[in-house]
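Open the model in your viewer and keep the sequence panel beside it. The stops below are given in the order in which to select them.

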Amino acid sequence: MAYKVEKATQIADNIFELWINAPHVAKNAHAGQFLVIRIDDSGERIPLTISAAKEDLVRIVFMTVGKTTTYLSKLKVGDEILDVAGPLGHPSEIKEWGHCVVIGGGVGIACLPILAKALQDAGNRVTGIIGARNEKLLLLADELEENCDELVICTDDGSRGFHGFPADILKQKLEDKNIDAVWIIGPAIMMKITSMATIPYNVKTFVSLNPIMVDGTGMCGSCRVTIDGETKFACVDGPEFDAHLVDWDELMNRQRIYPEQEKQSLELFHEHYCECGGHHHE
Amino acid sequence: MSKRDPKIRIHDFDEVDQGISDQNAVLEASRCMECVRPLCVKGCPVNIDIPGFIAAINERDFRLAANIIKKDNMLPAICGRVCPQENQCEGKCVLGIKEKPVRIGALERFVADWERKNGARPPHIAKHTGKRVAVVGSGPAGLTAAAELARAGHKVTIFESLHAAGGVLTYGIPSFRLPKGIVRAEIDQVLKLGVELKLNHIVGRSIPVEELLSYDAVFLGTGAGLPSFMGIEGENLNGVYSANEFLTRINLMHANRFPEYDTPVINGSRVAVIGGGNVAMDSARVARRMGAKVYLIYRRREEDLPAREEEVKNAIEEGVEFVCCANPTKITGGPSVSGIECVRMEMCDADDSGRPRPVPMEGKDAKFTLNVDVVVEAIGQSPNPLLVSLMDNLERGKKGNVIVDEDGKTSIPHVFAGGDIATGAATVIEAMGNAKKAAAAINKMLE
């Protein structure tokens, strides 16, 4: 049984959203969880955060980086994904925290609407801060606005909103207001730097880690990360962890295990992918 | 059993053992003493009627032989290949006292292969009972339980978290020891009994625990998937794999055929495999086939290796270099692996396991370093905690294993468990034996 693509849209530069018919995932998905997809028989298993779930459909949002995400971006309505497994990982710790700040960088912004909504539904006041290199990489701002009491938009180049980084806004908010919990989701380097801001204030800060995975069910250990000096598996112990306890350098190293293979795979895909008729093998 | 030339076989993943011919099978079967009280049957965890099927081979009625085996074992081509027969059926054979035991494993495999080539016929299924049974995990335990329960007439659904069924048979055991086509064919036989298979379903996540418990009976066969790591410095460097990851990348995801398949694996030119069990042998032999120089580092002596003797022999023939009485202390490099530091071990008095206790030697000669770019840790697995940690009231042991009675019954009424989730890492056939007992108990409960 394969899983049908019900909606496919490009939502920003190099960023795409797909709604996939996968009832077993959609019906049980919570904020903070992910799924694992494998597009076809020769495909790789890759984890993607669940960005939204509605009835039988689940949404993923991704930036084209390597072969699999590039291939995913070419899928059209009616195309099928061979395997969709999930939901996986622990849901976000949703409770009545008080004032929560959710921060998204780049494609990580896509994880925020479901999280902001869950936090609001649990009675929290939610501030959203989203950042991207430029306006063209910003996504889901309108959707997020609906689930935040306040939303601040930042761009590195000043093309929209605040000219600067989410960390700058976070620092201001930490000075001005009482913040009870912070979520930061984005590229590892952005999560590392942004989460430093909350250390002096001793505010509980969660990050969603995205190391390389294979099975996603605790079986292989590919996704191991060091948290407070202890080895954890991001797939079953996470993917969310206390930002202040993460060994960031190790995570970033482990995300770059296969640079040459990733490049080779993508180049081959571009050579063989035919814009008119889809993917074909020689 | 004839084996392929090591010089040739280390360049591919095709099966090493070639099986026996019709003639040799009949000849071997004729050696059976047809004991009145056959010890071989007692030695078999699923109690196959061994003298019965061997007698049928002797009569050249291979179809009958297959049917006799399948009464007790729906996975004979798998068991004929991976069972440690030398410690089980063959280990008990009275002929073994004075000469060689009957090669029961080879005969089982012969019959299964013969049947597959000549068209397998599904066994009889009892009238539908209207009861629903959930089986979690599609490895040897889950498949066996599912087959037994489906034959009793229950509606069985197997939930599998990966995209392929078979558990360790699929992701763990390499195809040169157990060809994937054979695993698929035997799984298909189980599915032909009317068993429903739901892939990509993680029970506890895709199916809430309450929904699982709504079945008339539940069998947990989620295996021992959680890999152990040594806890030494440098373990999270790029190039250090658990055996599970290394084998999964290759057996399940075909990383040996990258970039035809998308999943990569570091193509190490020098690989250290740590451990001495069957999983370590599999990892070392896979690494050889990827073209690497392979060291197998084991802390005890070669004669203490827990792997099957046959697999050790295969590994040696294929050029795996054994570094025994050595224990890794540190993996060096950064960000990728560049070497592994070890200390030589000497054997002292027997420890709890009855084997000599290895103790690190002292002095500067005791330390040595191997230059390697990949390290594979094959030092064991523990029960996968994902589902069982979500089940309140499920009594578990210190190592995370589910506690069961001799029928496989857990502390939750109508929930049974078997295989590695209950026993910790063991053999395929032991898992099947547990599953058969649990299935029998479930059948009794549902009567």
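A residue counts as buried under 20% relative accessible area, as exposed over 50%, and as partly exposed in between (1.4 Å probe, protein chains only). This is a predicted model, in which local features need pLDDT of at least 70, side-chain atom pairs count only at pLDDT 80 or more, and totals for chains, interfaces and linings use all residues. Residues are numbered from 1 along each chain as its sequence is written, chains are lettered from A and ligands numbered from 1 in the order in which they are written, and side-chain values use heavy atoms, with hydrogens and water left out.

**Stop 1: a helix in chain B**

Select B:Arg60, in the loop between α4 and α5 of chain B. Helices (H or I, at least four residues) and strands (E, at least two) are DSSP runs, numbered from the N terminus. B:Arg60 counts as partly exposed because its relative accessibility is 47%. Its phi is near 60°, a positive value in a residue other than glycine. Most residues other than glycine have a negative phi, and most peptide bonds are trans.

Now select α4 of chain B, residues 50–58, where seven of the nine residues are buried. Among them are B:Phe53, B:Ile54 and B:Ile57. The cover over the buried residues includes α2 (22–29) and α9 (104–117) of chain B. At the N-terminal end, B:Asp49 caps the helix, with a side-chain oxygen 2.9 Å from the backbone nitrogen of B:Gly52.

**Stop 2: two loops in chain A**

Select A:Leu140, in the loop between β10 (125–132) and α4 (141–147) of chain A. A:Leu140 has a positive phi of about 55° although it is not a glycine. Its relative accessible area is 14%, so A:Leu140 is buried.

A:Ile109 sits in the loop between β9 (99–105) and α3 (112–121) of chain A. Is A:Ile109 buried or exposed? It counts as buried, because its relative accessibility is 0%. Beyond its neighbours within four places in sequence, A:Ile109 is in contact (heavy atoms within 4.5 Å) with residues including A:Ile130, A:Leu138 and A:Ile185.

**Stop 3: two cis peptide bonds**

Select A:Gly238 and A:Pro239, which are joined by a cis peptide bond with omega about 10°. A:Pro239 is in the loop between α7 (234–237) and β17 (240–242) of chain A. In chain B, a cis peptide bond joins B:Phe258 and B:Pro259, with omega about 5°.

**Stop 4: where the chains meet**

Show both chains. How many residues does each chain give to the contact? Chain A gives 46 and chain B gives 40. Together the chains bury about 3500 Å², 53% of it on carbon and sulfur atoms. Buried area is the accessible area (1.4 Å probe) that two parts lose on being put together, summed over both. In chain A, A:Met219, A:Arg224 and A:Tyr258 lose the most area to chain B, together 19% of what that side buries.

One salt bridge is found across this interface. A salt bridge is a side-chain nitrogen of Lys or Arg within 4 Å of a carboxyl oxygen of Asp or Glu. Select A:Lys67 and B:Asp262 to see their side chains meet in a salt bridge, at 2.9 Å from N to O. Finish with β8 of chain A, which gives six residues, the largest share of the side of chain A that touches chain B.

Definitions and conventions:
A polar contact is a pair of N or O atoms within 3.5 Å; within protein, one must be able to donate a hydrogen and the other to accept it, and residues adjacent in sequence count only if both atoms are side-chain atoms.
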